[in-house]
Amino acid sequence: MHGKWDIPIAAWVAAIFLVRYCRRRGVARGFAAMAGVQVVAGVFWLYQAESLLNPVALAGIAALSVALGLPFLADRLTESIRDRRPVLGTLVFPCARVAVEFGIAALSPFGAVYGSLGTTQHEFDTLIQISSVFGAYGVSFLVAWTAPVAVLVWERRPAARAAVALALCALAAAGVFGTIRLVTTRTDGQTVRVAGVSPTTAEVKAWTKSLADLPELRDFVTAPPQRMRDAFAVANARMLDRTEREARAGARIITWSESAGQTMARDKQALVDAAAGIARRHGVHINLALSVYTDEAPHLRNQAILVTPGGGVAWTYDKGHPVPGLEPDTPADTPVPVARTPVGVLAAMICFDADFPGLTRDAGARGAGLLLVPANNWAGIARLHAEKARFRAVEGGYSLVHQASRGIAEVTDPLGRVVAASDFFATDRQVVRAEVTTRNLNTVYARVGDVFAWACVLLTLATLAAAARPSLAKTTRISWTDPGTARQPT
């Protein structure tokens, strides 16, 4: 599931028993059982993620969980394919799994934050390199393929050896590719020193407490202007101080965590100007991350603003994907910003945006060598959110700075390896520093997109259509309830 307590090997093993069970039941009963199992797993995922047990999240996860039951249904419905071509039949389940994951990431408001088998393997640097070609879907395919192959062996089918050999060859090829990529790819050219800074818990609590009598965002707009300035002033000043300290220490690119700066719309320019002064004095790029409170409903804009060494603004980006059920701001329909600078091609998105592979792939396709991701998490998702971001770096071929308040800040190289990290809950110094390359690796996935995922969609549909043909519908099947049972009519 890739939650707080995930065990990577479990992702390879769990579906074996579920596939076996579903095949031994009627179509409706088998699918209902698989959908039920996935819903239970989804609710548990919400529970261990904390702060997500709200009606919107529950309804969304329930729908996604039912969708994750569809690969079992596809496997069950293509029994005639397995009888005729057992090895080909083992591909139905992993293809359907990738097709569903692709659909969830592309169409649902939850992106790839839930339901990805591939991201459970985040610790295996060698394996995840195939994400540079197939996206995380390639890893998901290999993990899911284990189940039908293992069941073929379990049922002692004649083609079991061929299926095992094919699956092992694919896994070995992934290992060889990953090893070669890790050994031969250079990440020491065109480097730059980066730093991420976040407010402390005490600073956030201080301004939150001072505005406790303003429960609604619209109350911020009607409150006396000076009161709002005073409430935000201390935390903003300390963020600027940290930024200047990192600039003096040699950082050339500095990013804030999500909503590290708090300002009313009328005061935003003053905060940007203060950052611009630091940028000019030290010749640095500063990616501000601000919550801007406005007169227009829903009275909040979640923005990233890149200030250049000349004191100008290279981009102002509004968060494209607020977390459903948690964030009130309106989704912004703006492209991922990309800026060509003397230190490399930079890009940015905000927190949950990085859980949408289409967005992150676009940054890589446009040549970004460094992706800045201001984030603001909580304990329940701190680890998994940073781990998922590693896949985005491999897919796009860029270094990635995931600077998280109330989470784990990580700087990742283009091969998905963690260069530096800081746990918000384990230290009072909310700063992460690293030297990273800004050279884009020009990955296959960034160039060709989701070709592999689409191929899985088409193969799934083709096998389902073939299984539904009248000539195949008459194919008999073996009842595996009793090993000695002879063939019975379908």
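**Notes on the predicted model**

1. Taking a disulfide as a pair of cysteine sulfur atoms within 2.5 Å, the count for this structure, which is a predicted model, comes to zero disulfides. Cys22 is accordingly in no disulfide, and the nearest cysteine sulfur to its own, that of Cys95, lies 17 Å away. Cys22 counts as buried because its relative accessibility is 1%.

2. For Cys169, the closest cysteine sulfur is again in Cys95, at 18 Å, which is too far for a bond. Cys169 is exposed, since its relative accessible area is 53%, whereas Cys22 is buried.

3. Helix α10, covering residues 136-154, packs with helix α11, covering residues 160-184, at an angle of about 160 degrees and with 9 Å between their axes. Because angles over 145 degrees count as roughly antiparallel, the two helices α10 and α11 are described as roughly antiparallel to each other. The crossing in which α10 passes α11 is left-handed. On the α10 side the contact is made by Leu142, Trp145, Val149, Leu152 and Val153, while residues of α11 in the contact include Ala160, Val164, Leu171 and Ala174. By class, this contact of α10 with α11 has 13 nonpolar residues, with no polar and no charged ones.

4. Ile16 sits in helix α1, which spans residues 8-23, and it counts as buried because its relative accessibility is 13%. Which residues is Ile16 in contact with, leaving aside its neighbours within four places in sequence? They are Thr146, Ala147, Ala150, Val151 and Trp154. His299, by contrast, is 283 residues from Ile16 in sequence and 49 Å from it in space, C-alpha to C-alpha.

Key: Residues numbered from 1 in each chain as written. Predicted model: local features only at pLDDT ≥ 70, side-chain atom pairs only at ≥ 80, totals over all residues. Heavy atoms only, no water. Helix = DSSP H or I, 4+ residues; strand = E, 2+ residues; numbered from the N terminus. Buried < 20%, exposed > 50% of the residue type's maximum accessible area, 1.4 Å probe, protein only. Contact = heavy atoms within 4.5 Å. Axes fitted to C-alpha atoms, helices over the stretch in contact; angles between N-to-C directions. Parallel < 35°, antiparallel > 145°, perpendicular 65-115°, else oblique. Left-handed = near helix turned anticlockwise from the far one by under 90°. Nonpolar A, V, L, I, M, F, W, Y, C, P; charged D, E, K, R; others polar.
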